[in-house]
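Hi everyone, thanks for coming. I'd like to walk you through one model this morning, going from piece to piece, so please have it open on your screens.

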Amino acid sequence: MCPPSHFEVSYSINPWMEPEKPTDTPLAIVQWDRLRALLVELGHRVDVVPPRPGLPDMVFAANAATVIGGQVLAARYRYPQRFGETPAYQAWFAEHGYPVRQARFVNEGEGDLLPTGARILAGTGFRTDHRAHAEAADHFGLPVVTLHLVDPYFYHLDTALAVLDHEEIMYYPGAFSPDSQTLLRELYPDAIRADRADAAVFGLNAVSDGKHVLLPQAAVHLTESLREAGFEPITVDLSELLKAGGAAKCCALELRDHDPHAGKAPN
Ligand code: ARG
């Protein structure tokens with residue numbers, strides 16, 4: 001995770017970002033720190049990457065890379081406003097001894113590449129280049145399922161779909177092309193389906209450890225469905241970061257050190 005010390009909305013690269021509206025950086029820091037503390041309370045180790053000035057979106061650590069089995073596929077951002085984040089995160093990976101593969105095609109890390117137990121669900125349409133999906137499959141040696149995003153408000157896969165545990169997901173069908181909706185129904189017949197209202201408050205930008213699911217309080221239907229499905233929803237308020245089009249999942253990049261071929265992989 002990376003604290004939002006330099007957070008602001010000074011440019012617009014998604015429909016949520018309105019630079020003319022004020023942001024409250026100290027409040028963003030308080031909200032972010034609550035998320036960090038919650039994850040620690042739940043028993044997760046949280047490493048903090050030093051924030052750099054001039055990179056207001058650097059708080060969205062999930063976009064920096066995809067890490068599976070200790071292997072890192074670095075992000076290649078779509079927009080120049082975020083290019084400076086690449087060296088900042090790569091410095092951290094290098095210092096911590098992770099081998100990093102430079103990406104050939106645009107991919108925005110876990111924004112669009114979501115590992116499940118058996119495969120990587122991969123979004124395209126707004127940010128990540130379709131060709132990056134094959135690159136990820138090749139690098140990690142895992143099957144990749146391409147999903148086409150069609151609604152600009154849900155420009156990253158992690159705004160429209162969350163991996164709950166190895167085989168369970170929740171998603172908002174309306175964010176996907178008809179073909180991708182069919183595919184999701186076939187692959188995950190028992191998935192929790194969210195409505196647009198829950199998706200619009202970033203209910204799907206949730207962090208799950210397979211039991212606890214951290215999501216905004218405003219996602220009321222989703223919270224109920226999660227409870228019915230046996231999960232423990234925990235609400236987090238990230239209203240400041242929402243102004244940049246991000247919420248809980250965007251703030252946390254998961255370091256999957258485990259070899260996915262060796263059995264149970266944490267999500
Ligand atoms: N302002 C950022 C952007 O548009 C938000 C990124 C949100 N991150 C995410 N994983 N969905 O790039």
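Let's begin with helix α6, residues 220–228, where Leu222, Thr223 and Leu226 are buried. Here a residue is called buried if 20 or more other C-beta atoms lie within 10 Å of its own, exposed if 12 or fewer, and partly exposed in between, with C-beta atoms placed from the backbone. Why do those residues sit on the same side of α6? They cover an arc of only 105° around the axis, which puts them there; the arc is that of the directions from the helix axis to the C-beta atoms. In general, an α-helix has 3.6 residues a turn, so residues three or four places apart point the same way. Turn to the other side of α6 and you find Glu224, Arg227 and Glu228, which are exposed. The cover over the buried residues includes β8, α5 and β12. Just past the helix, Gly230 has a positive phi of about 95°.

A word on ground rules. This is a predicted model: local features need pLDDT of at least 70, side-chain atom pairs count only at pLDDT 80 or more, and totals for chains, interfaces and linings use all residues. Residues are numbered from 1 along each chain as its sequence is written. Helices (H or I, at least four residues) and strands (E, at least two) are DSSP runs, numbered from the N terminus.

Now to strand β5, residues 120–124. Five of its five residues are buried, so β5 is largely enclosed by the rest of the structure. Ile120, Ala122 and Thr124 point one way, and Leu121 and Gly123 the other way. Which strands pair with β5? One is β4, antiparallel, through three bridges; another is β6, parallel, through five bridges. Pairing means that DSSP finds at least two bridges between two strands.

Is Leu147 buried or exposed? It counts as buried because it has 26 C-beta neighbours inside 10 Å. Leaving aside residues up to four places away in sequence, Leu147 touches several others, including Leu121, Leu157 and Phe176. A contact means C-beta atoms, placed from the backbone, within 7 Å. Gly123 is 24 residues from Leu147 in sequence, yet their C-alpha atoms are 4.8 Å apart.

There is another hairpin to show you, made by β1 and β2, with two residues between the strands, and Gly69 takes a positive phi near 55° there. The two strands are antiparallel and share four bridges, with Val67 opposite Val72.

Next, the ligand. It is surrounded by 15 residues, and the closest are Phe60, Gly111, His156, Gly246 and Cys250. To be near, a residue needs its C-beta atom, placed from the backbone, within 6 Å of the molecule. By class, that shell holds six nonpolar, seven polar and two charged residues. Ala, Val, Leu, Ile, Met, Phe, Trp, Tyr, Cys and Pro count as nonpolar, Asp, Glu, Lys and Arg as charged, and the others, Gly among them, as polar.

Zooming out, of the 267 residues of the protein chain, 43% count as buried. The chain has eight helices and twelve strands.

Notes. Contact = placed C-beta atoms within 7 Å.
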